[in-house]
Amino acid sequence: MTGWILFALAMTAVVALAAMLFVQYRRFTAVISSLNTDFEHKRTEFGIKTRNLEAETEHMKAERETLIKKEDELTKQNFAMAEANLTILEQKETLSEQAKKLEHQTFAMAEANLTMLELKEKLTAQTEELQQQKFAMADANLQLIELNEKLESEKEKSAQLLRNILPERVIVELGEKGSSEPELFENVTVFFSDIVGFTTISGGLAPAVLIAELNDIFTEFDHIFVRNHCERIKTIGDAYLSVSGMPAPDENHFANILRSALEARSYLEKRNASRDRQWRMRMGIHSGPVVGGIVGVEKYIYDVFGDTINTAARMEQHSDSMQINVSEETYMLAKSRFDFAPREPQEVKGKGVLKMYFLIGEKAPSA
C-alpha cells in the first residue's frame, strides 16, 4: 500500500514534474522562439547593416581611393609648390640683390640729380647771361641792319648817280680794274639839240627858274630816250646829247634815235601849248663810228669823240626851229622806215657841201 502510495506520490510527483517540465518546456520554447525571432530580426538587421556596411565600406574604399588620388595630387602639388617656393625664394633672392643694386642706383641717381640740379642752376645762370647777350646782339644786329640798309640805300643812290653819269659797262670796269679803256663803236647814231634864242630867253629869267625849266624838259627827254634804248651822254647848257648803238651795240640804233627825236619834239609842242613860256629847239642827227670813254681822274665824265659827233653838231646848227635835221648817212639807213623831206644841200664848215633831210615821221607798218 505504501508502495502504491509512494508510487502514486511518485507518479504524482512525476506528473507534476512532467507538467512543470512541460510548462517550462513551453516557456523555454516560447523563449527560444522569441529569441529565434529576435535573432532572425537581428540577423536581418545585421544583414542589412552588413550590406550597408559593405556598401559604406565600398563607398569608403572609393573615397579612400579618391582621397589617395587627391593626396597624390596634393603631394604633387606640394612638390610643385615646394619647387615654386624654391623658385620664388631664388627669385626673391635675385629680387633682393636687384633691389640692393636698384638702391645703389637710386643713390647714384640721387647724386646725379643733385649734380644735374647744380649744372641746371649753372646752365640757367649761363642761359640768362646768354639771353642778355642775345638781346644785346639783337639790338646790335638791328643797329647793324639799319646801318646796312642806310649803306645799301646810299650805295644805291651812288650807283644811280654813277649810272646817270657813266654807262654800266664802264662802271663795272672801274669797279673791277680801276680804269676803263676807250672803245670804238662802228654803228652809232648821235642826237644833238639846242634851244633857239636861249641866250635872249635866259637873260630875262632868274637862275632858279631857268634851271627848273631846263631840268623839267631834259628830265622828260631822259625818259623818252631811255625808253627807246638810247643813252644820254650829257647836257651842255641848253644843248642835249644822246646816242644809240653804244655802249651796247644795237642794230636799230638809227630808228631808236629818230623815234626819240620825234617823241621829244611832240612833247615840246604839247608843253608849249599849255605854258606861257615857249621853248623851241633845233635838232640834228648823224650816224657813223664813235669813240667812247671816260675823261678825267678825280671826276669821271663819260664822253664821246669822233667826226660823227662833230657832224651831228653841224646837223643841229643847220636845222630850223622845231625841225629834226638828218644827215644823208642816217637817211640812207632809215628811209625805208621813216618819211623825210629833202633839203637843198648846204655848205657845212669843215665838211663842204652836205645833203640834209628834215625828219617828217615814222612810216606805218606795212600790212
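In the predicted model, the protein chain contains 7 helices and 10 strands. Its radius of gyration is 72 Å, whereas a compact globule of 367 residues would have a value near 21 Å. The extents of the C-alpha trace along the principal axes are about 240 × 65 × 45 Å. When contacts between residues at least 6 apart in sequence are considered, 69% of them join residues that are at least 24 apart. The chain carries 43 positive and 56 negative side chains, and the centres of these two sets are separated by 6 Å.

Strand β1, which covers residues 183–195, takes part in two of the pairings described here. With strand β4, formed by residues 281–295, β1 pairs in the antiparallel sense over 11 bridges, and in β4 the residue opposite Asp-194 is Arg-282. With strand β3, formed by residues 239–244, β1 is again paired in the antiparallel sense, here over 5 bridges, and Val-190 faces Val-243 of β3. Ser-193 belongs to β1 and counts as buried because its relative accessibility is 1%, under the 20% cut-off. Apart from neighbours within four places in sequence, Ser-193 is in contact with several residues, among them Phe-221, Asp-238, Ala-239 and Tyr-240, as well as Met-281, Arg-282, Met-283 and Glu-316.

Strand β4 also pairs with strand β6, which is formed by residues 323–327. These two strands run parallel and are joined by 4 bridges, with Met-283 standing opposite Ile-324 in β6. Met-283 itself is located in β4, and this residue is classed as buried because its relative accessible area is 2%. Although Met-283 and Tyr-240 are 43 residues apart along the chain, the distance between their C-alpha atoms is 9.3 Å. Strand β6 is largely enclosed by the rest of the structure, because 4 of its 5 residues are buried. A further pairing links β6 to β10 in the antiparallel sense over 3 bridges, in which Val-326 is placed opposite Tyr-357 of β10.

Helix α6 comprises residues 307–317, and its buried residues include Thr-308, Ile-309, Thr-311 and Ala-312, together with Ala-313, Met-315 and Glu-316. The buried residues of this helix pack against strands β1, β4 and β6, and also against β5 (301–305), β9 (352–354) and β10 (356–362). In the loop that connects α6 to β6 lies Ser-319, which is buried, as its relative accessible area is 5%. Not counting residues up to four places away in sequence, Ser-319 touches Arg-282 and Met-283, Ile-324 and Asn-325, and also Arg-343 and Phe-358.

Some features of the backbone remain to be described. Most residues other than glycine have a negative phi, and most peptide bonds are trans. Met-322, which is not a glycine, has a positive phi near 60 degrees. This residue lies in the loop between α6 and β6, and Met-322 counts as buried because its relative accessibility is 8%. His-229, also a residue that is not a glycine, has a positive phi of about 65 degrees and is located in the loop between α4 (207–227) and β2 (231–236). His-229 counts as exposed, because its relative accessibility is 59%, over the 50% that marks exposed residues. The peptide bond that leads from Met-246 to Pro-247 is cis, with an omega near -5 degrees, and Pro-247 is placed in the loop between β3 and α5, the latter formed by residues 253–273.

Conventions. Residues are numbered from 1 along each chain as its sequence is written. This is a predicted model: local features need pLDDT of at least 70, side-chain atom pairs count only at pLDDT 80 or more; totals for chains, interfaces and linings use all residues. Side-chain values use heavy atoms; hydrogens and water are left out. The radius of gyration is taken over C-alpha atoms; the globule rule is 2.2 Å times the number of residues to the power 0.38. Contact means heavy atoms within 4.5 Å. Lys and Arg count as positive and Asp and Glu as negative; His and the chain ends are not counted. The place of a charge is taken as NZ of Lys, CZ of Arg, CG of Asp or CD of Glu. Two strands pair if DSSP finds at least two bridges between them. Buried means under 20% relative accessible area, exposed over 50%, partly exposed in between (1.4 Å probe, protein chains only).
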